[in-house]
Amino acid sequence: VELNDEGNGYYSFIMPKGNVTVSAGFSSTEYAVQLKTEGSGTLRFHTEEGNLTVDKMDCEVGEKIYLQATPKEHFALSSIAALKGEETVELTDEGNGIYSFIMPLGEVTVQAEFENIQYQVSIESSQNGTVQFVVNENTVEGSQRNYDAGDTVRVQITLDAGYTLEE
């Protein structure tokens, strides 16, 4: 039987002499998933075989998509979000930096942001002198400040008269 496409989802055929069974095969529509990052880290598609090093992939509607967010040393994942246009797509935290979502009907962008981990420097009060933080060539009050790994920490040590620095 020859099938004629009439448009708008309508099809027709000329009825032959005999019974006809009409069936249709359907395939899932695929939409793009794009990965974007800000800061020092990676966001990759995750499969049983490992991570894929692509930042865009076509996925089938209804498919469960796995992603892995990996911060570089001294950085942490600060946020991750999946959007279909302006609409939020629910992400599930699977643990160990793995996230998943069910592919919706439409393109999805997943954005991961990584930020520096800050570490605390504390100044202990001492007798016979003072220790102060120096920021922009000025001493600042306070016994604690946070710094990123790799930052230069400057302090000013002032000794009371008659004392020398031991350590």
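Okay, which lysine does glutamate 87 form a salt bridge with? Keep that in mind while I say that what we have up here is a predicted model. The partner is lysine 84, and the closest N and O atoms of the two sit 3.9 Å apart. As for how open they are, glutamate 87 has 47% relative accessibility, so we call it partly exposed. Lysine 84 gets that label too, at 25%.

In general, side chains of opposite charge can pair when their charged atoms come close.

Next up is glutamate 94 with lysine 64, where the closest N and O atoms are 3.7 Å apart. Now, glutamate 94 is in strand β10, residues 92-95, and lysine 64 is in strand β7, residues 64-71, so this pair ties together parts of the chain that are 30 residues apart in sequence. Both ends are partly exposed: glutamate 94 has a relative accessible area of 37%, and lysine 64 comes in at 40%.

Then there's glutamate 137 with arginine 154, and here the closest N and O atoms are 3.0 Å apart. This one also links distant parts of the chain, since glutamate 137 is in the loop between β14 and β15 while arginine 154 is in strand β17, 17 residues apart. Glutamate 137 counts as exposed, because its relative accessibility is 64% and the cut-off is over 50%. Arginine 154, at 41%, is partly exposed.

How big is the largest pocket? Its volume is about 320 Å³. There are 14 residues lining it, and the closest to its centre are Ser126, Leu159, Leu165, Glu166 and Glu167. Our sheet strands turn up again here: β14, residues 129-135, and β17, residues 154-159, each supply at least two residues of that lining. By type, the lining has five nonpolar residues, seven polar and two charged.

That's my tour, thanks!

Methods:
Residues are numbered from 1 along each chain as its sequence is written. This is a predicted model: local features need pLDDT of at least 70, side-chain atom pairs count only at pLDDT 80 or more; totals for chains, interfaces and linings use all residues. Side-chain values use heavy atoms; hydrogens and water are left out. On a 1 Å grid over the protein atoms alone, a cavity is a set of points where a 1.4 Å probe fits but cannot get out, and a pocket is an open set with protein on both sides within 12 Å along at least five of seven lines; lining residues have an atom within 4 Å of a point. Grid points are joined across faces, edges and corners, and a volume is the space filled by probe spheres set on the points. Helices (H or I, at least four residues) and strands (E, at least two) are DSSP runs, numbered from the N terminus. Ala, Val, Leu, Ile, Met, Phe, Trp, Tyr, Cys and Pro count as nonpolar, Asp, Glu, Lys and Arg as charged, and the others, Gly among them, as polar. A salt bridge is a side-chain nitrogen of Lys or Arg within 4 Å of a carboxyl oxygen of Asp or Glu. Buried means under 20% relative accessible area, exposed over 50%, partly exposed in between (1.4 Å probe, protein chains only).
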